[in-house]
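Me: I would like a close look at a single part of this model. Please stay with what can be computed from the atoms.

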Amino acid sequence: MSKDFSFSNRHIDLMERDAKTVFGWRYEPRIILESGKGVFVTDVDGNDYYDLTAGMMCMVLGHSHPELTETIREQAGKLVHESSWYSNPWAIEFAELITSTLPGNLKVVNFAVTGSEANEIAMRMAIAKTGKHDIVSVLRGLHGGSLAVEAVTSVGGERKGGLGPLMMPARSNAILAPFCFRCPVNLEYPSCDIDCLKLSEDMMEHMTSKSVAAIIAESILVPGGMIVPPDEWLPRMRKLADDWGSLLILDEAQLAPARTGKLWAFEHNDVMPDIVTFAKGMSVGLAICGTVTTPEIAEEVAGDAGLPWAGTYPADPLPSAVALKSLQIVLRDNLPARAEKLGIILREKLDGLKERYECIGDIRGKGLYQMLDIVTDKKSKTPDYAMAERFRYNAAMEGVITICVKNYMRVAPPLIITEAEIDDVVGRLETALKRAVAGYPEDIDFSASSSLAARPAAAE
Ligand SMILES: Cc1ncc(COP(=O)(O)O)c(C=O)c1O
């Protein structure tokens, strides 16, 4: 138990019971949250914290948004759950609204419960459409934790430990991330002409069976280090997929809706995927995720590879009605524009921190999704996991909670955050940073806090 936080007996009791009975990853201290309002969450002792990750990036409208609360109340009195072999007005309207916001012919939604499931549906679609079986993914990409998507995930290799034959045999991770800050081929953008992609093609040539059903990528690679690709990268990935007779799947789980300044992050680039998956922010925390594709692909794959995917919960009335309402508000209140505008302000302030502190190697991101890359020093860019965890711990002491995995600290507040709140948050982060740089707290254990950083690995 931390001596820096003063918790009530009830709080301490809940922490101990959580540790004993709930099997999960937890940061220190094990803060137990009880309520939330706007950009704040509140623990069982009544302490408020800025929620810098909007839950798990889900609460784009903030906590307890009055219109969503009302929708939940109303829907709870009408219909919460139903058989998957019947539909409901809210799921239909939600699917129609989603597809109306997407470019091209992305007009059919297969609903899922989790982002992992949505990506597995996408993989099923690609396999059924092409009759091929390899799925190629990007190194440092994350597509979920169920087994098929774990196989194409390469963030947090530690968590694959022991899974052995449960990992899909299909080849994966044959594409190098366009990670300019730590370039995998030691070149500089733009003179590199995205050479990492040329080498990737060579890797595909030699590492796959050449029977590639799909290339799957996050439009911005968030958990792997907020890798914002150069503008040409996604269009070239599109060409690569076409050249190989493969589909292009874009995973927008972390990004849609609106967070990056566009409703869908891939709209920043001139690219048209065959399949798009959505989760977190589109689900408003009620676990309604999904996979969008074209009517042609949907028709062709129907009845094959377990498609369309069903299950017990996807597109249930309650989550559908709430997620529909949320997307309507996102559009009504033009939150993409707000995220773009406030993102510029947030970035300027974070860049100021970077100027002043040697341990902030880089700030990357778009709109209201930024990430601090914590290093031992700017020259070597060596990831500093302990400093990152120290920073996170001190931020919690300052009333700011966030997610920090390995050396990456996220800033992804609800999109309703105000300029004054951004100012306050960055001020608190600086106070936290000063204490972290002074070496406080000394004993830091980041091995218990995240599956992605399960074992203290050597520098990447
Ligand atoms: C990019 C990306 N895709 C997919 C997923 C999986 O989503 P879920 O946790 O809902 O299964 C995640 C989860 O963090 C993610 O970050």
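Leaving aside its neighbours within four places in sequence, which residues is A122 in contact with?

Reply: This is a predicted model, in which local features need pLDDT of at least 70, side-chain atom pairs count only at pLDDT 80 or more, and totals for chains, interfaces and linings use all residues. Residues are numbered from 1 along each chain as its sequence is written.

With neighbours within four places in sequence left out, A122 is in contact with I216, I249, I275, T277 and T291. Contact here requires C-beta atoms, placed from the backbone, within 7 Å of each other.

A122 also belongs to the largest nonpolar core, which has 138 residues. Such a core is a set of buried Ala, Val, Leu, Ile, Met, Phe, Trp, Tyr and Cys residues joined through C-beta atoms within 7 Å; buried means that 20 or more other C-beta atoms lie within 10 Å of the residue's own, with C-beta atoms placed from the backbone. The residues with the most contacts inside this core are A122, A126, A214, I215, I249, I374 and F391. The core lies between domain 1 (9-59 + 334-453) and domain 2 (70-332), because both give residues to it. These domain bounds come from an automatic or database domain assignment.

Helix α5 covers residues 115-130; helices are DSSP runs of H or I, at least four residues, numbered from the N terminus. Helix α5 gives the most to the shell around the ligand, namely three residues. Of the 14 residues around the ligand, T114, G115, S116, G144 and A253 come nearest, where a residue counts if its C-beta atom, placed from the backbone, lies within 6 Å.

Key: Helices (H or I, at least four residues) and strands (E, at least two) are DSSP runs, numbered from the N terminus. A residue is buried if 20 or more other C-beta atoms lie within 10 Å of its own, exposed if 12 or fewer, and partly exposed in between; C-beta atoms are placed from the backbone. Two residues are in contact if their C-beta atoms, placed from the backbone, lie within 7 Å.
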